[in-house]
Amino acid sequence: MRVVVIGSGIVGSSAAYECAKAGASVVVLEGGRIAGGTSAVSFAWTNATTKRPRTYFDLNVAGMRAHLELKRDFGAAPWFTQTGSFDWRTAPESMDDYFENFRQMKEWGYGVEWIDKKLVAGMEPDIDVGAIGDCPISYYPEEGWVDPVLYSAWLLRAAKERWGAQVKVDARVTEIETEGGRVLAVRTADGERYGADAVVNCTGGWSSQRLGDAQGIPLSSTIGVLAFTPPVALTLRSQLHADDLDIRPDGAGRIMIHKVSVDLTFKTPQALSPAGDEATTLLEAASKVLPSLRSVGVEAIRTTVRPFPEDGYTCAGAMPDIAGHYMAVTHSGVTIAPQLGKVVADEVVRGNIHDEMETFRPERFFQANARRTPAAHA
Ligand SMILES: Cc1cc2nc3c(=O)[nH]c(=O)nc-3n(C[C@H](O)[C@H](O)[C@H](O)COP(=O)(O)OP(=O)(O)OC[C@H]3O[C@@H](n4cnc5c(N)ncnc54)[C@H](O)[C@@H]3O)c2cc1C
């Protein structure tokens, strides 16, 4: 079976790896550089906390497990760090949700514990625990983060070397060609044509685009902003989540900072200055928790699109327009991607349908009078 995967972000590389492993002849067509889209600018926290309803929580947990399986498959996973997360709240109005989430996660069997402030100070001496206030701290030992670009590089390399997959960069797809209502081929802007029995559309924040005969899906994407410090002499290993602030190490001593309230000030991705207001806001917020950041400044600040299908939930399955056209688009794609790759390979290559994915099918966007309840864009 010939499978063309469009897009080489963390979702496309997962789909390509699993389809090649399942025996398909795979071609990946990437319009830019490998994982150079949203996957290159992601906080990339593997987690299922606050994810609801249960089906979406389960999909995220399955993604976390699939990351561990991949690590086992490769023997080592230089792209994956699993050092756990601390989470606390200082805003009184968010306490009820915080405690309810802890209760719900416990009930669903997710790894979370209350942890003593002294223990936190011992584990992460760089944190000023005074900034935490009196709120109890929850600890999520199974959470981690991924370097999505490395992940994609390793999976695509394995797909090529183990199973002969082809990966083409600077190959922007302009058209999915059909015959008799079925996928026939994929055409790229450079005039190449690739015959296909199935096309897996993994174009993330670009998946609303029409590609010749093939329609896209409706999106409600938002913008994400990340700041990066220069290398700084901290020993921080864990992720820190405080109110809407997220902090984690980003390799070579750099610290990555994210804050939802800064994301919300943007409607489109744009070039920002490391000396600008957004960078200052992010650094100040992080410095309250990690005081030694105060003097280091921001080295880089980046924005990109967060790919959200219109109702906020994963969209995975056969598109209703053309036989052989399959969509795989999601937010929380870093968490979910390795599981989504397995689902794609089972459904597209092996013909085994995943019943647990029923609520995530693309049809929901194309049914007349469909009522869609938007998910919280967390
Ligand atoms: C600031 C921020 C924080 C985030 N935090 C988290 C988090 O903590 N945990 C988590 O799980 N998720 C997180 N996410 C979401 C996650 O990063 C995304 O869900 C994931 O990266 C999407 O991967 P993708 O492969 O679908 O898309 P992308 O990485 O964008 O890949 C799509 C690719 O398709 C290519 N493409 C598009 N159109 C064409 C075409 N016509 N022809 C050929 N190629 C094409 C693009 O060039 C691109 O490389 C975050 C996102 C942001 C922005």
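A252 lies in the loop between β16 (245-249) and β17 (255-259), where helices (H or I, at least four residues) and strands (E, at least two) are DSSP runs numbered from the N terminus. The structure is a predicted model, in which local features need pLDDT of at least 70 and side-chain atom pairs count only at pLDDT 80 or more, whereas totals for chains, interfaces and linings use all residues. Residues are numbered from 1 along each chain as its sequence is written, and side-chain values use heavy atoms, with hydrogens and water left out.

Although A252 is not a glycine, the residue has a positive phi of about 55°. A252 is exposed, with a relative accessible area of 64%; here buried means under 20% relative accessible area, exposed over 50%, and partly exposed in between, for a 1.4 Å probe and protein chains only. A positive phi, of about 70°, is also found at T50, again not a glycine, and T50 is located in the loop between β3 and α2. With a relative accessibility of 40%, T50 counts as partly exposed. The loop between β3 and α2 also holds P53, and the peptide bond that joins R52 and P53 is cis, with omega at about 0°. For context, most residues other than glycine have a negative phi, and most peptide bonds are trans.

Strand β3 belongs to an open sheet of three strands, with the order β3-β8-β4 and antiparallel pairing, two strands being taken to pair if DSSP finds at least two bridges between them. The edge strands of this sheet are β3 (45-46) and β4 (80-81), each of which pairs on one side only. Between β3 and strand β8 (residues 144-146), the antiparallel pairing extends over two bridges, and T46 stands opposite G144 in β8.

A further open sheet of three strands has the order β10-β11-β12, likewise with antiparallel pairing. Strands β10 and β12 stand at the edges of this sheet, each with a single partner strand, so one side of each is left without a neighbour in the sheet. From one strand to the next, the twist averages 25°, with axes taken as lines fitted to C-alpha atoms, for helices over the stretch in contact, and angles running from 0 to 180 degrees between N-to-C directions. Strand β10 (residues 173-179) pairs with strand β11 (residues 182-188) in the antiparallel sense over six bridges, and within this pairing the bridge partner of E175 is R187 in β11. The hairpin of β10 and β11 has two residues between the strands, and G180 in this hairpin takes a positive phi near 60°. Strand β11 in turn pairs with strand β12 (residues 193-195) in the antiparallel sense over three bridges, where A185 has G195 in β12 as its bridge partner. The hairpin formed by β11 and β12 has four residues between the strands, with G191 in the turn showing a positive phi of about 90°.

Among the helices, α8 (residues 333-350) has a kink of about 35° centred on Q339, the bend at a residue being the angle between axes fitted to the seven residues ending there and the seven starting there. Of the 18 residues of α8, 15 are buried, so the helix is largely enclosed by the rest of the structure. Helix α2 (residues 54-74) packs with α8 at an angle of about 80°, with the two axes 7 Å apart. The helices α2 and α8 are therefore roughly perpendicular to each other, given that angles under 35 degrees count as roughly parallel, over 145 as roughly antiparallel, 65 to 115 as roughly perpendicular and the rest as oblique.

In this packing, Y56, L59, N60, A62, G63, M64, A66, H67, E69 and L70 in α2 meet V334, T335, I336, P338, Q339 and K342 in α8, with contact defined as heavy atoms within 4.5 Å. The residues of this contact divide into nine nonpolar, five polar and two charged, where Ala, Val, Leu, Ile, Met, Phe, Trp, Tyr, Cys and Pro count as nonpolar, Asp, Glu, Lys and Arg as charged, and the others, Gly among them, as polar. Just after α8, G351 takes a positive phi of about 75°. H354 is found in the segment after α8 and, at 14% relative accessibility, counts as buried. When its neighbours within four places in sequence are left aside, H354 is in contact with Q339, K342, V343, D346, E347 and R361.
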